[in-house]
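I opened the model today to look up a few things about its chains. My notes follow the order in which I looked.

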Amino acid sequence: MARRSHVQTTINGETVEFLCEPRQSLLEVLRDELHLTGAKEGCNNGNCGACSVILDGRLVNSCLVLGVETEGKSVETIEGLAEPDKLHPIQDAFLENAALQCGICTPGFIMSAKALLDQNPNPTEHEVRYWLAGNLCRCTGYDKIVRAVLDAAAAK
Amino acid sequence: MLENKEYKVIGTRPIRHDGVDKVTGRALYGADFQAAGLLHGRVLRSPHAHARIISIDTSRAEALPGVKGVVTAKDLPDPGDKIADLGEGAVNLKYLCDNILASDKALYKGHAVAAVAATNPHIAEEACTLIDVEYEVLPPVLEVRQAMEPDAPLLHDHIRTTSLGETADEPSNVASHIQHKLGDPEKGFAEADVIIEREFVTGTVHQGYIEPHNATAHYNQDGQLTIWCSTQGAFTVREQVAEILQYPISKIKVVPMEIGGGFGGKISVYIKPVAALLAKKTGKPVKVLMNRADVFEGTGPTPASFIRVKMGATNEGKITAAEAYLAFEAGAYPGSPVGPGAMCIFAPYNIENVIIDGYDVVVNKPKTAPYRAPGAPNAAFGSETVVDEIAEKLGIDPLEIRLLNAAKAGDRRADGPVHPRIGCIETVEAAKAHPHYTAPNGKKHHGRGVASGYWFNIGLESSVTINVNADGTINLIEGSTDIGGTRASIAMQAAEVLGISAESVNPSVVDTESVGYTAVTGGSRTTYATGYAAYEAAQDVKRQMIARAAKLWEVDEANVQFADGEFSSINGKEEQISFRDLCGRLGETGGPIVGSGTVNPGGAGGAYATHVVDVAVDEETGKVDILRYTAVQDAGKAIHPSYVEGQIQGGAVQGIGWALNEEYIYNAEGEMTNASFLDYRMPTCLDLPMIDAVIVEVPNPGHPYGVRGVGEVPIVPPMAAIANAIYDAIGVRMTELPMSPDRLLKAMGKI
Amino acid sequence: MPTVAIPSLLRNLTNGKDSITVPGATIREVIDNLEDRYPGMKARLCEEDRIKPGLAVYVNGLLTRGSILEHVDTDAEIHFLPAIGGG
Amino acid sequence: MRDFSYIAATTIPEAVALLDAKGESARILAGGTDLIVQVREARRDVDWMIDIKSIPEVNDLNYNATTGLTLGAAVECYKIYADDAICDAYPGLIDATQIIGGTAIQGRAAVGGNLCNASPAADGIPPLIVLNASCVIAGPNGLRELPVEDFCTAPGQTVLGKGEMLVSMKVPAPASNSSSYYLRFIPRNEMDIAVVGAGASVTLDAAKQTIVSARIALAAVAPTPLFAEEASALLAGQEISDAAIDAAAEAAQAIARPISDMRGTAEQRTHLVGVLTRRALNGAIQRVRETT
């Protein structure tokens with residue numbers, strides 16, 4: 001078996017250490033090593049966005065980042081979004097707008113939406129659609145997702 | 001007759017019960033399952049579309065460090081000549097087994113041939129490359145009309161065309177022929193002033209759920225097999241695995257994890273029996289995950305088809321006759337949805353003279369699986385385009401011609417039965433009155449199209465158990481996996497009966513040992529049938545609670561009534577107690593209350609939809625943009641309108657993808673060349689406008705609240721609606737799906 | 001008496017008749033009586049005393065549970081159609 | 001996924017030495033959005049991934065109105081379009097950086113990586129060609145520089161020799177009355193690979209009526225991105241007219257040698273070269289005319 005490297009990184013504000021093979025993606029590390037299964041594998045090649053996380057403040061597909069690359073970096077995942085007794089406004093907006101059906105794409109959409117609203121608090125519908133184009137949803141037709149993101153922006 | 005009425009819970013929009021888990025990433029889907037000592041499985045798939053398997057040598061793979069077991073078809077029991085009854089349908093067991101692991105022939109690229117369990121997924125993947133399979137490559141047949149040619153390569157030596165119980169003598173790729181005939185089509189066409197006949201071709205498309213298939217299996221030392229997986233139906237997984245492994249259902253427990261989309265594609269099993277075989281061989285829990293390419297190449301798409309439609313109408317717009325020929329690709333084994341396609345094709349119309357022929361044809365592509373209203377979208381693309389052309393020829397508004405001929409209660413369907421109360425006319429009228437349809441549509445290269453569609457919906461078995469809690473809440477135990485908010489829509493029906501809030505119901509989707517038999521979440525049946533079972537279970541609770549109130553007040557049960565969440569006594573004693581308070585007194589009145597309901601309703605109630613779409617066509621590139629989309633649908637009664645809208649919007653958008661870009665692209669060797677989300681082009685949110693979902697409510701007499709299934713019919717009209725809009729924009733009739741830019745350029749004569 | 005709609009592919013057995021009225025209080029009795037009048041019919045509809053796999057029975061437009069034990073009223077209209085599943 | 005080793009290099013000499021020692025089995029990792037997928041799908045055999053993102057020079061992003069732009073090889077797309085001065089100076093490059101993948105891809109993918117991946121369909125390359133950009137390459141023998149249009153040699157192949165790596169791209173400062181434009185045709189509106197891509201840059205006279213010079217480049221119509229030299233030359237000195245632009249588009253079509261694949265047919269691509277070349281030229285001209 002391949003040699004595993006020691007990596008220290010910050011995940012959702014907490015310092016985390018793990019061992020991983022170089023070929024393990026950040027997605028694999030999150031899911032299989034750290035049991036943070038909120039990021040999902042939909043395609044494993046950067047085309048669906050189900051594994052979206054925020055790496056050093058930028059939205060990335062965690063399937064296209066190696067676990068070893070996160071040494072010294074900061075990762076935000078869906079598990080870190082809500083406060084203990086309160087959902088994040090985007091999460092609330094998704095629930096209020098019924099913006100999920102099966103829910104598999106939801107963590108990715110919410111992380112992507114967070115990255116958008118962090119840098120553009122008042123996006124237009126087109127800006128929302130452009131930003132979220134890397135996140136595929138097959139259930140909703142996107143209507144309620146786009147509304148949820150616009151609502152979350154308005155609620156801020 | 002059941003009429004729309006105001007309810008307290010039904011028709012409201014509560015937060016779904018599983019919502020918080022799903023927006024926080026806590027909900028556990030199949031691939032999220034973890035177990036101590038877990039091994040990882042990987043399936044080796046055929047690189048050839050059609051090949052005889054001469055030999056499989058697994059020794060090199062077995063020798064790789066970290067590999068714990070390898071299985072092939074030899075590890076499956078001999079299926080013999082058995083027909084397996086799978087609740088939703090019956091299947092030749094040999095086909096079922098061969099599709100799990102190919103025994104003698106690989107019949108499509110991606111066909112599973114062997115599988116490995118190893119200590120990590122990367123080793124399992126590497127081990128697959130070390131399995132030596134010797135193939136005799138055979139010529140593939142990849143298209144339905146070619147497969148029907150007498151000299152076409154045969155996939156199966158023993159398949160002979162059956163026509164309702166009669167079997168032909170010669171082997172053929174045509175597995176079956178069906179026919180419906182009503183009235184006298186020849187006479188009908190003779191009465192027509194205008195006759196349009198067109199041929200249509202549709203491509204192979206995939207359900208495209210975002211979550212790949214997954215399964216984890218484990219055998220206990222006592223032979224108890226447990227499978228954790230994403231599935232549309234835990235019970236059908238149990239049935240299929242039991243048949244394939246020839247193992248008693250009592251020894252199999254299927255635990256449905258959360259499911260990331262299905263649309264029909266997660267009814268058939270693929271890797272679940274493989275995980276079980278690997279678990280058996282290794283003595284460890286084994287998790288098998290598909291990757292995206294596996295999903296495209298190894299699981300059921302919905303078929304490509306060739307369709308010919310001929311319709312005739314009088315100058316006044318009365319459709320006098322219709323004829324259809326439908327040939328559907330079943331994929332590697334028989335079982336395309338040509339049956340429902342043939343039954344739905346003219347269903348929006350009342351036509352006296354009809355003949356419909358359908359053919360189920362095997363080709364070297366993955367065995368097709370259901371996909372949202374299976375068969376009906378292909379069929380409607382043909383018929384709804386021809387209706388549009390007739391309307392145009394006669395100078396009649398396309399919605400007006402639909403109203404002139406609309407099917408209604410009492411009319412006879414082409415396949416025989418008489419329609420009960422249906423909402424066909426209501427959806428067309430609502431579309432016609434909608435501001436979208438009345439808005440101006442005159443810009444150059446912009447066009448508007450409409451189309452209608454029908455889907456039966458199905459009933460089938462559902463079971464629900466309700467446990468009453470002392471605090472006035474109830475635990476609702478169900479077997480329907482929740483793919484789109486059905487925990488809420490089922491819970492709301494129980495809440496309505498008991499006069500409690502939706503939030504007072506705790507719905508749980510449980511495993512096959514914890515609830516009565518429940519058929520799949522599919523066929524638009526869950527809110528209808530499992531909701532019906534929840535209604536019955538709640539009625540059972542209500543009856544028992546009435547008895548408790550009677551006991552409490554020492555009155556006759558007949559003198560207790562229940563309304564608005566309050567029990568009260570009539571005839572004499574002035575007593576009253578709320579549902580909640582009575583729940584707190586169950587101990588003293590006889591102990592816990594458990595209610596149960598089981599149903600197998602026959603009156604699913606068909607659903608109609610009428611869609612209106614505006615497109616812009618780029619004449620230079622052939623690209624079509626969707627500018628505005630309105631989808632009108634009869635939901636019978638919308639239990640949770642938000643999730644009904646969601647079904648309508650999602651279905652319409654899948655139809656938009658099917659219409660414009662989605663297709664399996666094959667090379668001459670039968671390899672799919674676009675098996676990724678990059679090149680199998682499903683719509684992104686940037687490709688779409690908001691989808692205006694308009695709910696019409698024509699109650700279904702076959703359900704206590706009038707519910708009709710809503711999940712499937714919205715995918716039926718989009719392809720024809722968009723084709724009709726493209727015609728309106730540029731004057732070109734598109735008869736091939738998808739209507740991709742290159743096809744448009746060709747049709748416009750630009751290339 | 002119940003009326004059976006004869007599927008077009010079976011009308012060769014009924015000299016082209018598309019609808020037959022036969023006595024019977026259950027699907028089984030109806031099929032047996034059909035068989036008496038039109039030999040060969042039962043083999044096309046049933047297999048070992050059960051409705052053939054892939055066929056569904058509709059009574060008065062409603063899908064039945066597919067059992068030949070199903071009761072039918074005297075004025076029932078019976079159809080034999082391809083079984084359908086959904087997505 | 002095959003096993004490989006990962007090394008994070010911190011200086012160019014270190015990276016060059018590693019590349020030189022490991023030869024074909026080593027590959028530079030920048031954004032990884034192509035490389036990781038290729039290794040995962042067994043389309044590229046790599047034993048060593050050399051992460052260069054800690055090397056200062058490859059992260060250079062420096063624009064100066066007189067000297068032009070230095071664009072480090074590992075600079076992610078999002079950093080480029082976040083810079084207003086770069087957006088104003090090189091709108092054609094910005095067009096490309098905003099359509100490579102989706103937002104999440106743009107958070108990792110670098111234009112330099114786009115160049116080294118050497119896909120015929122690369123969106124990042126035609127804009128660099130039309131902007132007269134050059135590549136700065138480091139190797140065992142020091143630095144060398146060559147025009148971007150000479151960088152790719154075949155699908156997935158570049159001029160990079162043993163031990164060589166791309167350090168940065170240099171883009172000259174834009175002339176006055178000039179602008180650039182890039183567009184591609186895809187069947188969806190995002191998340192696709194170009195069926196055809198076309199970039200154009202134009203410099204107009206002071207009256208903005210005559211084309212002083214122009215450059216046209218194409219993607220996905222040949223084994224490498226193409227500089228349409230003759231088509232570009234046709235426009236020099238021409239008064240802006242549909243006829244002049246049509247002639248350039250026809251000349252561009254003449255050098256296209258497209259294949260048919262799952263993304264498009266050869267006929268479709270040849271046709272689109274004409275359409276997109278016209279649109280790219282008109283787009284660039286429009287941008288010049290819109291700026292005062």
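These entries cover chain A, then a strand pair in chain B, then a sheet in chain D.

**Ground rules.** I am working from a predicted model, where local features need pLDDT of at least 70, side-chain atom pairs count only at pLDDT 80 or more, and totals for chains, interfaces and linings use all residues. Residues are numbered from 1 along each chain as its sequence is written, while chains are lettered from A and ligands numbered from 1 in the order in which they are written.

**Chain A, overall.** I counted out 5 helices and 5 strands. Helices (H or I, at least four residues) and strands (E, at least two) are DSSP runs, numbered from the N terminus. The order from the N terminus is β-β-α-β-β-β-α-α-α-α. I looked up the radius of gyration, which is taken over C-alpha atoms, with a globule rule of 2.2 Å times the number of residues to the power 0.38. Chain A has 15 Å, and this agrees with a compact globule of 156 residues, which would come near 15 Å. The C-alpha trace spans about 45 × 30 × 25 Å along its principal axes. Of the 156 residues, 67% are buried. Buried means 20 or more other C-beta atoms within 10 Å of the residue's own; exposed means 12 or fewer, partly exposed in between, with C-beta atoms placed from the backbone.

**Chain A, domains.** I found domain 1 at 5-80 and domain 2 at 89-155; the bounds come from an automatic or database domain assignment. Their centres, over C-alpha atoms, are 21 Å apart. Domain 1 of chain A puts 13 residues into the contact and domain 2 of chain A puts in 12. Contact means C-beta atoms, placed from the backbone, within 7 Å. Strand β3 (residues 52-55) of chain A gives the largest share of the domain 1 side, 3 residues.

**Chain B.** I turned to strand β3 (residues 67-72). Because 6 of its 6 residues are buried, β3 of chain B is largely enclosed by the rest of the structure. It runs antiparallel to strand β7 (residues 112-118) of chain B, joined by 5 bridges. Two strands pair if DSSP finds at least two bridges between them. I noted V67(B) opposite A118(B) in β7(B).

**Chain D.** I traced an open sheet of 5 strands, in the order β4-β5-β10-β6-β7, with antiparallel pairing. Its edge strands are β4 (61-64) and β7 (142-147) of chain D, each pairing on one side only. Strands β5 (residues 68-72) and β10 (residues 165-171) of chain D share 4 bridges. There L69(D) stands opposite V171(D).

Key:
Two residues are in contact if their C-beta atoms, placed from the backbone, lie within 7 Å.
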